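Open the model in your viewer and keep the selection panel at hand.

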Amino acid sequence: MAEKKTIDPAIIEIMAKAEADGVSTAFDRAEVTRPCPIGHSGSCCKHCFIGPCRITGKTTVGVCGATLETIAARNLARYIAAGTASHSDHGRDMAHTLIAAAKGEAPDYQVKDEKKLRRVAKYLDVPTEGRTTQEIALDVGTKALAEFGRQEGELLYVRRAPKRRQQIWHELGITPRGIDREVVETLHRTHMGTDQDPENILNHAMRTALADGWGGSMMSTDISDILFGTPVPVAARSNFGVLKEDEVNVVVHGHEPTLSEMMVVAASDPELIEYAKSKGAKGINLGGICCTANEILVRHGVPLVGNFLSQELAISTGAVDAMVVDIQCIMQGIQAAAERYHTKIITTSPKAKITGATHIEFDEHHALDTAKKIIRTAIDNFPNRGRVYIPNFVDHLVAGFSHEYIAYMQGGMYRESFRPLNDNIANGRIRGAAGVVGCNNPRVCQDDPHVYIVKELIKNDVLVVTTGCNAIACAKQGLLTPEVMDYAGAGLREVCQAIGIPPVLHLGSCVDNTRILTILTQSATEGGLGEDISDLPVAGFAPEWMSEKALAIGTYFVASGVTTWMGVGSPVAGSAEVTKLITEGWRQKVGASYYFEPDHEKAVKEALAHIDAKRKALKLDEYDPKRYAKSATYFPGDYLPDEVFKQGSYSRSKVS
Ligand code: BF8
Ligand code: SF4
């Protein structure tokens with residue numbers, strides 16, 4: 001039943017076509033390939049060729065004597081190292097691009113946000129007085145790059161965390177040093193016969209994740225803003241209905257904005273539009289999948305085609321003339337799907353090739369030329385289309401809430417602060433805040449846990465910030481619009497109306513989870529809600545996580561003081577001791593716990609109780625959903641037509 005696999009109406013509709021066309025998708029393959037229960041629970045070690053050693057109960061240790069606890073902790077640490085490496089390598093490439101732009105070697109990139117450049121220069125101890133933009137940019141890029149290979153001292157960005165947090169990290173000895181160093185050290189420690197104390201392994205796993213959150217990912221966000229502009233709210237559209245039957249559809253998929261930004265420029269090139277017309281198309285239509293989609297959505301309003309589990313099915317529309325990919329979260333299955341249609345898969349990164357795909361290597365020194373070549377290839381492919389069927393679903397959305405803009409909304413350019421939000425959390429209009437982020441995973445119904453959790457939270461007066469594939473799930477269900485105020489609790493609605501923000505704020509891609517770290521720090525240091533991130537009434541969720549990056553993100557949130565609920569299942573379920581170490585153990589160490597809870601209804605209940613406990617510890621007014629909004633200035637349905645409100649779900653509108 002398609003309905004059990006996804007709640008996305010466009011996916012439900014296209015599944016039948018995909019099946020008829022003989023396309024195998026992750027939804028199908030997930031039924032055939034079940035996870036190995038031993039590996040799934042973290043109880044299999046393959047760190048040397050004596051093994052793999054599977055701890056099944058009949059065996060209690062590996063051949064080398066490694067215990068289940070050690071094996072589970074090592075496995076988790078390695079996931080986190082891979083996630084950190086992926087985000088951080090992306091950040092490193094951003095630094096290279098900034099340096100090339102500053103030297104004039106990448107003429108298609110310029111510094112777009114000088115204010116942000118100067119702010120980031122301060123974080124990195126780069127002098128700005130009397131210097132040109134190019135000089136500052138060159139030093140910022142060079143200093144950022146040095147953070148990856150740093151051998152002495154600690155990451156400069158650590159100073160951006162609240163003082164108390166920095167102290168906790170110092171006391172535990174988990175302040176990150178060089179980004180690459182922490183990743184390498186995790187691989188070393190988890191090599192056969194090295195670190196065999198689960199607690200010690202997990203401490204270093206936190207240090208590695210912090211190198212991602214307060215290092216590679218944070219620098220990636222900063223440099224993207226410097227080069228491409230800091231996002232401000234922008235209206236856009238989402239889901240398969242954004243594909244156009246009569247235009248050349250180019251779908252970008254992956255993560256690095258260096259490529260997708262140039263695709264935006266190339267897609268509006270008049271010469272190429274004329275070329276498209278010469279092939280019988282009315283124009284060039286750009287859309288995105290996964291995080292690179294979020295990057296160009298928040299800066300240019302480019303529509304979202306879908307999230308992680310939409311990638312193969314978008315091809316099944318027969319309307320995608322080229323799917324242009326770079327790095328991360330790109331299923332190899334898209335190539336097999338594309339071979340059933342006319343779609344060209346174009347790989348662009350030397351780090352990520354797919355057998356059978358067309359490779360057009362992207363190089364920041366000739367960025368626009370390469371982007372144009374890619375678009376031209378897509379145009380040439382347009383006449384090869386077979387039968388096209390585009391499920392006619394589209395939703396509207398508002399995205400682009402950078403932390404700078406959220407602060408700006410609370411007082412304008414001269415008085416921007418987090419005071420209004422802090423005050424309204426203190427007085428109980430807002431019960432708390434939550435970050436709901438992360439992937440799709442075909443082991444659960446696509447988008448269902450995402451949407452359930454977000455709706456429950458806003459109904460309970462919890463302000464939601466979102467990124468990554470959760471943000472796209474919210475977009476596809478119409479949750480990123482002001483109209484969603486109808487589903488928000490009365491207090492939260494009042495505040496959102498007063499400030500002029502929707503109750504669910506789209507902050508960007510997965511590396512932009514670092515915007516949440518910045519917001520949390522600003523809120524914690526603004527006053528009135530304690531002095532550290534772990535004092536705040538907040539929670540984190542990744543309801544449908546699947547990637548190693550998601551584990552790195554979850555871990556850096558916990559190590560930064562945010563108790564986090566991951567859905568789907570636990571990668572350390574096999575070890576009660578490791579589970580205890582990352583829940584109770586980490587609560588004692590860093591003031592937050594890492595939960596893996598497949599029951600998303602239970603996760604929300606636990607998170608609300610956690611938020612209330614934090615309120616109590618801060619001696620704030622007890623949360624009372626009936627206290628505010630008694631003046632009857634608002635009635636349900638003020639934002640949505642009655643019949644839509646009564647359906648209980650906004651959106652799923654058909655395109656006219
Ligand atoms: O970095 S949320 S499936 S697309 S890993 Fe991947 Fe997960 Fe989507 Fe972006 Ni993030
Ligand atoms: Fe087995 Fe130990 Fe080798 Fe792991 S490191 S595979 S537990 S012998």
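Four donors count as tetrahedral if all angles lie between 85 and 135 degrees. Anything else is irregular. Keep in mind that this is a predicted model.

**Stop 1: the nickel atom**

Select ligand 1 and centre on its nickel atom. Which protein atom is a donor to it? The single donor from the protein is SG of Cys-510, 2.2 Å away. Now show the angles between donors. The four donor atoms around the nickel subtend 90 to 158°, so the arrangement is irregular.

**Stop 2: ligand 2**

Now hide the ligand and look at the space it takes. That space is the second largest cavity, with a volume of about 110 Å³. Its lining has 15 residues; Cys-45, Cys-48, Cys-53, Cys-64 and Arg-74 are the closest to the centre. Nine of the lining residues are nonpolar, four polar and two charged.

**Stop 3: the largest cavity**

How many cavities of 30 Å³ or more does a search of the whole structure find? The search finds three. Go to the largest, which holds about 470 Å³ of space. Select Ala-434, Gly-435, Val-465, Ile-516 and Phe-557: of the 44 lining residues, these lie nearest the centre. Several elements each give two or more residues to this lining, among them α13 (290-300), α19 (419-426), β11 (432-436) and β12 (462-467). Also on that list are α23, β14 (538-542), α24 (548-559) and β15 (564-566). Colour the lining by class: 34 residues are nonpolar, nine polar and one charged.

**Stop 4: the largest pocket**

Finish at the largest pocket, about 450 Å³ in volume. Select His-40, Asn-441, Arg-443, Trp-545 and Met-546, which lie nearest its centre among 21 lining residues. Then show α3 (26-32), α4 (37-40) and α24, each of which supplies at least two lining residues. Which element gives the largest share? It is α3, with three residues. The pocket lining comprises eleven nonpolar, seven polar and three charged residues.

Terms used. Residues numbered from 1 in each chain as written. Chains lettered and ligands numbered in written order. Predicted model: local features only at pLDDT ≥ 70, side-chain atom pairs only at ≥ 80, totals over all residues. Heavy atoms only, no water. Donors = N, O, S within 2.8 Å, 3.2 Å for Na, K, Ca; no water. Tetrahedral: all angles 85-135°; square planar, octahedral: opposite > 155°, others 65-115°. 1 Å grid on protein atoms, 1.4 Å probe; cavity = no way out; pocket = protein on both sides within 12 Å on 5 of 7 lines; lining within 4 Å. Sits in = over half its atoms within 2 Å of the grid points. Points joined across faces, edges and corners; volume = space filled by probe spheres on them. Helix = DSSP H or I, 4+ residues; strand = E, 2+ residues; numbered from the N terminus. Nonpolar A, V, L, I, M, F, W, Y, C, P; charged D, E, K, R; others polar.
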